[in-house]
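Visitor: Could you take me on a close look at the pockets of this protein? I would like to know what lines them.

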Amino acid sequence: MLSLIVFLPLAAAAVLAAVPAIGPAAARWAWIAVSVLEVLLVAVVWAGYKDPGPNGLAFEEQVPWIPGVGSSYHVGIDGLSLPLVAMTVVVFLACAVYCLRDSDRPRVQAALFLFLQSMSLGVFVSADLILFFVFFDLSIVGMYFIIAGWGHGNAARSALKFFLYTFLGSLALLLGFIGLYVFSAPHTFDIPELVAAPPLAGEPLAGGLVLAAILVGLAVKTPTVPFHTWLPPAHTDAPAAGSAVLAGVLLKMGAYGFVRIAMPMLPEVWRAWAWVIVAVGIVSVLYGALVALAQTDLKRMIAYTSVNHMGYIVLALGAAGLLVEGAEQARSVAVTGAMVQMVSHGLITAALFLLAGVMQSRAGTYDLGSYGGLAGPAPRYAALFAIGAFASLGLPGFSGFIAEFQIFAGSVAVAPVTAVALVGIVITAALFLRALQRVFTGPAAGRSPGFADLRAHELWSAGPLLALSVLIGVLPLVLLGVIEPSSAALVELVGR
């Protein structure tokens, strides 16, 4: 089943790329049809999912691939990966709906997004380091062409910067994977085997170097300060759907690598570096929020809030490495909050970027000062954007509140100093409320007069993403029931 979920979009992409006779309308509807089928397949997997236990995988598939180096085609899911797989297919479906009326090379566009969907899903189900790296690296290629081919402004330069930064990070990641292979006995790239027998136990120097390489590679993709500088221009110049996938899905690959690879395979070194990781998380939270507050470009503002929100994840995962007597449950809560934050940020920020794209398509600018009183001519747009803004700042009733509450409840119980990051929530609230006031309240001004309200495909792309955020905020057990057992197992592995 997992192989079908991963490779169905790739097969569809190959057909679209190889058959020029496919017309624009057929290409767009084929993209939507495949995306809907993916959502249904993942729903079947979710319905049939049972917790596989510590270091176990559900729906596991394994076939020899490169046996000489101990690498196989090995895929599977658990409570850490299944929510991200579900979030991925939902975000890609939203993008397919959003692009329904795009007229710029729709066949090639659909093929690239479907290719990127396969690579993204492959990252989250991989149970082999080489397989993980292949999908991780190829996702960079897909996003590069989307930004360069359909972006605006300095899209070519931003795409190149994105590619070089993230490709360099992936090379550091590969070095770390090779280090894990060299020190494992027997030599293997299989993730469950490496988790069961950590290869660098009792080797603080070598383990530190391997963790440093892995952390750099993953931190670039997450991104955390100071490896974030590629993100704002990439988002600003990318098409709306590209930004939605970049923020909603690709940023999670780095954070997912922390919980799937770095923490369980290098538990001793993770504990030794935990305070450094916590500090990086706090800096990312505060820096991302403060710089977002200074932005006058809506897309750059949302991009910097991503640095802020991903900082919460890093903070929580670092806190999970602090061994405090009697705090096992608090550490597990922090990890659960980090996983919920990955899903929540993916849904909310993807929706916000799709809504920001409406500004570009209508008026050709993201400048906040170019609008005023937009709620008058575009009430549906104003209402949906306000919902997205309140969801992003962590208001109760949305998934962001569930995530941030758990992150701080777990982290502060382990390390009270992490409470300083709560300031980031206040700053985020200020920047979103200021943006709402400037753009939507008062009399219509600037480019607001004549601004057309949301069309059906725009409403049905961003709307369901925010509806899912509300569902998680009101009925969190739907998600927590899947994540919590795996979070507890991860905390036990880190504490070994």
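Guide: Happy to! Please keep in mind that this is a predicted model. The largest pocket has a volume of about 430 Å³. Its lining is made up of 21 residues, and those closest to the centre are Tyr98, Asp102, Ala240, Gly357 and Ser361. Which elements give two or more residues to this lining? They are α10 (240–265), α14 (328–363) and α18 (456–474). Among these, α14 provides the largest share of the lining, with 4 residues.

Now let us move on to the second largest pocket, whose volume is about 370 Å³. Here 16 residues form the lining, and Trp46, Ala86, Met87, Val90 and Leu468 lie nearest the centre of this pocket. The elements that contribute two or more residues to the lining are α2 (24–47), α3 (82–98), α14, α18 and α19 (477–494). The most comes from α3, which gives 5 residues. And what classes of residue line the second largest pocket? The count is 16 nonpolar, with no polar and no charged residues.

Conventions: Residues are numbered from 1 along each chain as its sequence is written. This is a predicted model: local features need pLDDT of at least 70, side-chain atom pairs count only at pLDDT 80 or more; totals for chains, interfaces and linings use all residues. Side-chain values use heavy atoms; hydrogens and water are left out. On a 1 Å grid over the protein atoms alone, a cavity is a set of points where a 1.4 Å probe fits but cannot get out, and a pocket is an open set with protein on both sides within 12 Å along at least five of seven lines; lining residues have an atom within 4 Å of a point. Grid points are joined across faces, edges and corners, and a volume is the space filled by probe spheres set on the points. Ala, Val, Leu, Ile, Met, Phe, Trp, Tyr, Cys and Pro count as nonpolar, Asp, Glu, Lys and Arg as charged, and the others, Gly among them, as polar.
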